[in-house]
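Thanks for coming. I have one structure to go through today, so please look at the sequence and the model first.

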Amino acid sequence: LLKTLRNDNNGSPFNAVAFSPNGRLLAAGSWDKTIKLWKVKQGKLLHTFTGHKDAVWSLAFSHNGKLLASASYDKTIKLWDVSKGQLRRTLKRHQDSVFAVAFSPDDNRLASASHDKTFKLWNVKQGKSLLTLTGYKQVVFSVAFSGDNQFLATANDDATIFLWGMNNNQLLGILKGHKDSVLSVAFSPDGQHFASSSGDKTIKLWK
């Protein structure tokens, strides 16, 4: 153990953590509706972001390290200016809790997954919803872009994975193999493989 970071969040648990791309900052989202931002090396608390009206469930830094996205049970996504410690904008289009957020490799788009059985693509600069992709029978838990920005995978409560092509926003395939909810997906750095974790107590690797 290198370090324990503590704060005055009234004993509320942390639901999400994310490192900045350079590894110097650590963000943590809490059940108490706040987000803490620390300097890792010094263990110093830099900012406490407030504004969500319910628990913060997922965090993602932009690849350039300038923005932090937070997903909440309050049905919103917030974009924070990391250096200034200020709210940049709030994205409101989901009809239920937002479980996951992810920036595209070029930082132009943000993907979000929700309890409302959809995932959305957003224009980061304009804060506008570009597309709502439907077809899901149950909750979408996780979303991930491939490193080459060609593909996007979603983890779904009905034990499936949807693989989308980002050039035309078309569904390329529905991957089946898990026997319980798929809770998380992640691409390898070269984009040739991705992993999925599930409530069926397995992790699967896909080509």
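First, the ground rules. This is a predicted model, in which local features need pLDDT of at least 70 and side-chain atom pairs count only at pLDDT 80 or more, while totals for chains, interfaces and linings use all residues. Residues are numbered from 1 along each chain as its sequence is written, and side-chain values use heavy atoms, with hydrogens and water left out.

Now the sheets. When I say strand, I mean a DSSP run of E with at least two residues, numbered from the N terminus. Two strands pair if DSSP finds at least two bridges between them.

For angles, the axes are lines fitted to C-alpha atoms, and values run from 0 to 180 degrees between N-to-C directions. Within this sheet, E2 (25-30) and E3 (35-39) are joined by five bridges, and alanine 27 has leucine 37 in E3 as its bridge partner.

Another open sheet of four strands runs E5-E6-E7-E8, again paired antiparallel. E5 (56-61) and E8 (86-91) each have a single partner strand, so one side of each is left without a neighbour in the sheet. The twist averages 25° from one strand to the next. E6 (67-72) and E7 (77-81) share five bridges, with leucine 67 opposite aspartate 81.

Next, the hairpin. E13 (140-145) and E14 (151-156) pair in the antiparallel sense over five bridges, and valine 140 stands opposite asparagine 156. Five residues lie between the two strands, and asparagine 149 takes a positive phi near 65° in this hairpin. Five of the six residues in E13 are buried, meaning under 20% relative accessible area; exposed is over 50%, and partly exposed is in between, with a 1.4 Å probe and protein chains only.

A pocket here is an open set of points on a 1 Å grid over the protein atoms alone, where a 1.4 Å probe fits, with protein on both sides within 12 Å along at least five of seven lines; lining residues have an atom within 4 Å of a point. What lies nearest its centre? Of the 25 lining residues, His63, Ala102, Phe103, Ala144 and Phe145 do.

Leucine 133 sits in strand E12 (128-133) and is buried at 7% relative accessible area. Beyond its neighbours within four places in sequence, leucine 133 is in contact with Thr118, Phe119, Trp164 and Asn169, where contact means heavy atoms within 4.5 Å. Glutamine 170 is 37 residues away from leucine 133 in sequence and 9.2 Å away in space, C-alpha to C-alpha.

Most residues other than glycine have a negative phi. Lysine 117, in the loop between E10 (109-114) and E11 (119-123), has a positive phi of about 70° and is partly exposed at 39%. Lysine 201 also has a positive phi of about 70°. Its loop lies between E18 (194-198) and E19 (203-206), and lysine 201 is exposed, with a relative accessible area of 82%.
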